[in-house]
Amino acid sequence: MSLIVRQKWSCVLVVFLFIQFFLQPLLIAEASPAPPQVSAEAAALIDVQSGRILYSKNGQKKMRIASLTKTMTAIVAIESGRLQDVVTVPPEAVGVEGSSIYLKRNERLTLEDLLYGLMLRSGNDAAVAIAVHVGGSVPGFVHLMNEKAALIGMTDTQFTNPHGLDDSNMHYSTAEDMARLSAYALRNPVFRQIVATKVKEISWEGEEWNRRLLNKNKLLHLYKGADGVKTGYTKLAKRCLAASATRDGRQLATITLNAPDDWNDAAKLLDWGFQHYPLKELAKLGQSVKPDPAVPMEEGIRLVASNSFAYPLEKEETDDVQSRVVMEQSAVTSEMDGKIVGFLQFRLKDKMIGQVPLMAQLQKPAWSELRQTAESFWQKLWNLVAGGLWSA
């Protein structure tokens with residue numbers, strides 16, 4: 001082999017080694033992490049505040065959901081009932097199969113106590129007692145459940161009971177629908193407090209001690225920031241789990257259905273969501289917004305964002321977000337100072353992801369602000385001197 005050929009091959013080898021040992025690790029580091037492998041037959045991950053589905057595996061497959069049903073039971077009861085209502089346990093709530101808080105016929109508890117029994121210990125008897133009290137009957141309450149599901153946008157869900165026991169093939173939902181339900185419920189402060197509670201004592205009429213309820217959700221102890229939501233199991237549905245966690249003020253929720261390794265599935269999905277979908281601030285409170293050129297603006301008026309807006313985005317998606325100003329007024333004048341006159345809308349790949357109301361704000365001339373500052377200074381100085389003289 002000639003010297004020139006050997007030199008060429010040596011250069012090629014050097015370039016290859018440089019790419020292999022220096023550039024490739026950087027490229028791998030920049031690449032988006034792959035979604036985790038989970039044992040669940042179906043799973044979904046959602047950002048609670050925005051409602052964006054971040055991950056889905058068979059997310060629209062209709063499946064049994066076991067006691068995850070009780071998330072709907074709880075939120076309907078919270079919104080439709082009064083927490084301090086005293087509930088008299090009806091006969092149909094006594095001796096319901098499966099998980100129980102051992103209610104007695106005609107025992108009296110508050111609706112709030114029953115909700116803790118429902119969500120911490122998964123009491124099927126508590127579910128029936130709540131349903132009869134709030135809905136007048138189990139069928140009446142189930143109607144409220146399905147009505148709420150439709151309002152939330154759970155298009156592939158149907159409830160036939162308030163507890164999730166395997167009573168028919170007509171009681172079903174999907175991982176994505178249950179993720180939407182979890183996000184909706186977690187925005188309610190009462191629900192959020194209940195499902196984050198690790199231990200709770202409630203009354204036990206006729207006994208010398210109270211019921212001590214230990215939350216079945218092990219993630220509350222095992223996962224940093226875990227704060228909900230609900231466990232579930234039946235022979236047909238297998239292991240189901242709704243889990244949520246909050247980190248740095250941001251909350252995610254995940255659903256796993258028929259998941260042999262549900263605790264680890266949930267932890268991996270939550271970790272991946274927090275890492276892979278950071279919140280991107282798209283608008284700040286008080287931020288000036290460039291007006292629509294087609295809408296006349298009186299001199300001295302500006303548009304400002306009336307609240308902030310952030311959205312979970314992959315790094316690769318940031319450049320795909322587009323914004324536009326949509327005005328509700330044909331012209332903006334000084335008489336509209338302090339009023340909402342339009343919206344700053346954000347779109348991701350032609351889908352609107354949110355909007356911020358825009359307020360007209362009358363700008364004060366710089367000299368006016370300076371004069372007010374000076375007047376304030378001299379007023380404070382006079383008050384100080386006068387106060388000193390008077391006190392002497």
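This is a predicted model: local features need pLDDT of at least 70, side-chain atom pairs count only at pLDDT 80 or more; totals for chains, interfaces and linings use all residues.
Q: What lies between β1 and β2 in the hairpin?
A: Five residues separate the two strands of the hairpin, and in that turn G51 has a positive phi of about 80°.

Q: And which residue in β2 is the bridge partner of A44?
A: The partner of A44 in β2 is S56.

Q: Which way do the residues of β1 point, and are they buried or exposed?
A: A42, A44 and I46 point one way from the strand while A43, L45 and D47 point the other way, and all of them are buried.

Q: How many bridges join β1 to β9?
A: Six bridges join β1 to strand β9 (residues 250-257), and these two strands run antiparallel. Within β9, T254 is the bridge partner of L45.

Q: Switching to salt bridges, how many does the structure hold?
A: The structure holds 12 salt bridges. One of them is formed by the side chains of D47 and R250, at 2.9 Å from N to O. Because D47 lies in strand β1 and R250 in strand β9, this pair ties together parts that are 203 residues apart in sequence.

Q: Are D47 and R250 buried or exposed?
A: D47 is buried, with a relative accessible area of 2%, and R250 also counts as buried, at 8% relative accessibility.

Q: Which residue does E79 form a salt bridge with?
A: E79 forms a salt bridge with K148, and their closest N and O atoms are 2.7 Å apart. Since E79 lies in helix α2 (residues 69-80) and K148 in helix α5 (residues 138-152), the pair ties together parts that are 69 residues apart in sequence. E79 is partly exposed, with a relative accessible area of 37%, whereas K148 is buried, with a relative accessible area of 15%.

Q: What about R239, where is its partner?
A: R239 forms a salt bridge with D262, with the closest N and O atoms 3.1 Å apart. R239 lies in strand β8 (residues 238-247) and D262 in helix α9 (residues 262-276), so the pair ties together parts that are 23 residues apart in sequence.

Q: Last topic: how many residues of helix α3 are buried?
A: Helix α3 (residues 111-120) is mostly covered, with nine of its 10 residues buried, including L111, D113 and Y116. The helix is followed by S122, whose phi is positive, near 60°.

Conventions
Residues are numbered from 1 along each chain as its sequence is written. Side-chain values use heavy atoms; hydrogens and water are left out. Buried means under 20% relative accessible area, exposed over 50%, partly exposed in between (1.4 Å probe, protein chains only). Helices (H or I, at least four residues) and strands (E, at least two) are DSSP runs, numbered from the N terminus. Two strands pair if DSSP finds at least two bridges between them. A salt bridge is a side-chain nitrogen of Lys or Arg within 4 Å of a carboxyl oxygen of Asp or Glu.
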